[in-house]
Structures are given as structure tokens and as C-alpha cells.
Amino acid sequence: MHKEILYTCIMANQQLIKGSLSTIVLHLLQSSGEMYGYEITQKVKQLTSDEIKLTEGALYPTLHKLEAEGTLTTESRKVDGRVRKYYRLTEDGKKATAERMEELEAFLLNMQRVLGFNLKLG
Amino acid sequence: MMRTLTGKQKEHLSNHIAKKPIDYIELYNEFYDHYASTYENGDEDFKATLENLDQEFNYYKVKSINENLVAKTRKSVNQIYIEEFKNFWRWPQIISTLSIIFLAYSFIEFLPMKILLWYVFTPFLIFTTALLIYGGILTTRKKNSIKKFKSAHLTATHHFLSLPVTLFNLTVFLPALFFEPYKPRIEFYENHPLVPFILMMVFFIASYIGFKVFRTKIRVQYL
């Protein structure tokens with residue numbers, strides 16, 4: 001029974017993360033300047049005290065999609081003898097990030113009103 | 001102190017990633033770096049790290065990412081083309097762009113077409129063709145012990161670089177060789193300088209931006 005509840009919670013959590021994955025990535029890149037794939041997963045783990053784990057299978061398609069849209073730009077560099085691909089926001093990406101953050105904030109405020117929980121945004 | 005991969009582990013990891021359904025060097029490099037960074041910053045042993053990551057990077061997910069990569073890369077290359085094209089029209093580049101256009105148009109109006117063909121079009125043609133060939137050679141050279149990789153960026157850039165070559169072939173070489181005498185074609189260009197002017201601009205823009213994409217997106221993957 002406990003396992004089922006735990007599984008349901010994890011799945012629900014993953015669905016929520018999937019819906020906001022691009023916003024998370026954009027926001028992290030806005031605060032850090034540039035990051036590579038592994039670094040993004042670790043940053044999310046660190047910020048959420050291991051509670052949210054970004055799945056790599058979802059992260060990389062999201063990064064590639066944002067790059068294709070022109071929201072992100074990439075630069076490959078040699079680090080420790082291997083090629084590392086760094087992602088950073090374009091000018092359009094900076095505007096898109098601000099818009100997404102506003103949308104998310106409005107959405108969370110509405111959820112707060114509908115569901116009646118107390119959420120502090122700031 | 002952070003662990004680093006030994007030579008044997010690097011080789012094992014390289015083959016491990018190459019066995020996945022990956023065709024493109026960009027994806028191979030990205031996954032290789034992810035696996036290597038996970039091991040170097042983690043505390044699990046090498047084998048366990050690979051097994052854990054393989055659960056996420058399973059066959060179907062990797063195949064899907066690989067299949068979508070060229071379409072996405074083509075979109076991002078298109079973005080670079082659009083951005084660079086816009087850059088031609090930004091202040092203060094407007095002055096240099098207009099100067100280039102004025103000079104190019106003057107050349108076409110005043111220089112004999114034969115000279116233009118051999119001294120202006122042909123170098124551009126050689127440049128774009130050389131980029132294509134150079135990329136092709138690099139692609140055949142880049143392989144690990146079990147697999148050769150293509151470049152998604154090179155594939156996405158090909159259709160832009162091949163555009164001026166195709167235009168040149170269709171409008172100059174092929175008609176001259178097979179369909180009509182050479183002279184009337186030259187006379188046509190001399191009487192309608194706008195046609196070679198547009199051709200020249202297409203060459204110039206495609207070559208310049210193709211080179212830029214090659215330098216920033218492709219070169220580092222191979223060298």
C-alpha cells in the first residue's frame with residue numbers, strides 16, 4: 001500500500017516537473033549564465049535537497065528543443081580531453097524566460113486561490 | 001579529491017556509448033561527457049554508474065533523441081542564418097552592407113562577365129565546395145574503435161552550402177556545357193546584371209554563414 005502511494009506521488013511529481021522542465025532550465029541558465037547537461041541535473045538536486053531529480057531522458061530533448069527554437073545557444077569546448085557542450089540564453093531566450101516566469105507565478109497564484117493552500121512566492 | 005577516468009575506463013565508456021543507437025557526433029560527445037561527469041563527481045563504482053545511467057538512457061529514449069536531432073539542429077542552424085542575415089542590416093553594419101552591395105553591383109555592371117565568372121563566382125564556388133569536402137573528410141576520420149559518426153550540424157548545413165553550388169551548376173555550367181552556346185548566356189547576364197548580382201549575394205551569404213556554423217558548431221567536435 002505504502003509502495004503504491006509512494007509510486008503515485010513520484011509519478012505525479014514527475015508529471016509536474018515535466019510540465020515545467022523548460023521553465024526550470026531557462027531560469028537556471030538565467031542565473032548561472034551557462035551550464036552543461038550534467039551540471040543542470042546536479043543544480044536541481046542541490047537546490048531541492050535531492051527531492052527533485054531531473055531525468056536525463058527528458059532533459060536533453062528539452063535542451064535540444066529550446067536550442068532549435070532559438071531560445072538557447074550552445075558552445076562546445078574541450079574540457080579534460082573531452083567535448084563539453086555549454087548552453088546559454090539568447091536575447092530572445094532572456095525575454096522568453098521572463099514571460100515564462102510571469103506565467104508560472106500567475107498559475108501558482110491561481111492554484112493557491114483554487115486549492116486554498118498557503119504559498120509564498122518571492 | 002575528484003576521481004578521473006583511467007585510460008581503460010575511457011575506452012570502455014567510449015565503446016559503451018558507441019553501442020547505443022547514436023549516429024551523430026554531437027550526441028555521442030554530450031552523452032560521453034554526461035557519463036564521465038557522473039562518474040567523476042559521484043561515489044559509485046564505474047560499472048554501477050554505467051548501469052544506473054543506462055536505465056535513463058535506454059535504447060528507445062536514445063533512439064528517439066537521435067532521430068529528432070537533425071530536424072532540431074536544422075532549425076537551430078536556420079536560426080543562425082536568420083540572425084546573421086539580420087546582422088547585415090543592423091546599424092552600423094548597414095553602411096558596410098550597402099557598400100558591399102554597391103561595389104558588387106558596380107562590379108557586375110562594369111566588369112566583363114567572363115572575368116566575374118572566373119574571378120568572383122569561381123572562388124566562392126571553390127570555397128563552399130571545399131567546406132563540403134572538408135566536412136566530409138572529417139566525418140570519415142572521426143570514429144571510435146567500433147563506429148563512425150556523422151555530424152548533425154554538418155548535415156543541417158549541407159543543404160545551405162549546396163544551394164549556391166546547385167544554383168551555379170543550373171544557371172552557368174550545365175547550360176553552357178549541354179544546352180546552348182556560351183556567348184548568349186554571357187550576354188544575357190551582361191544585359192540583366194541583377195541576375196548575377198542576386199546569385200553573387202546568395203553565394204556570399206551562404207558561404208559566410210556556412211563558414212561561421214562550421215567554425216563554431218562543427219570544428220570543435222572533430223579537432
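Two strands pair if DSSP finds at least two bridges between them. I needed that for my first stop, the sheet in chain A.

**Ground rules.** I'm looking at a predicted model, where local features need pLDDT of at least 70, side-chain atom pairs count only at pLDDT 80 or more, and totals for chains, interfaces and linings use all residues. Residues are numbered from 1 along each chain as its sequence is written, with chains lettered from A and ligands numbered from 1 in the order in which they are written.

**Chain A, the parts.** I found four helices and three strands in chain A. Both kinds are DSSP runs numbered from the N terminus: helices are H or I with at least four residues, strands are E with at least two. Starting at the N terminus, the elements go α-β-α-α-β-β-α.

**The sheet.** The three strands make an open sheet in the order E1-E3-E2 (chain A), paired antiparallel. Its edge strands are E1 (34-35) and E2 of chain A, each pairing on one side only. I looked up the link between E2(A) and E3(A): eight bridges join them. Along it, Glu75(A) sits opposite Tyr86(A) in E3(A).

**Where A meets B.** Here 20 residues of chain A are in contact with 20 residues of chain B; contact means C-beta atoms, placed from the backbone, within 7 Å. What supplies at least two residues each on the chain A side? I noted helix H2 (37-47), helix H3 (56-69), strand E2 (72-79) and strand E3 (82-89). H3(A) gives the most, with eight residues. By class, that side has six nonpolar, six polar and eight charged residues. Nonpolar covers Ala, Val, Leu, Ile, Met, Phe, Trp, Tyr, Cys and Pro, charged covers Asp, Glu, Lys and Arg, and the others, Gly among them, are polar.

**Helix H1 of chain B.** I then checked which residues of H1(B) are buried, and got Leu13(B), Ser14(B) and Ile17(B). Buried means 20 or more other C-beta atoms within 10 Å of a residue's own, exposed 12 or fewer, and partly exposed in between, with C-beta atoms placed from the backbone. Seen down the axis of H1(B), the buried residues fall within an arc of 100°, so they line one face of the helix; the arc is that of the directions from the helix axis to the C-beta atoms. They pack against helix H2 (25-41) of chain B.

**One more tyrosine.** Leaving aside neighbours within four places in sequence, Tyr28(B) is in contact with Ile17(B), Ala18(B), Ile22(B) and Phe149(B).

Key
Two residues are in contact if their C-beta atoms, placed from the backbone, lie within 7 Å.
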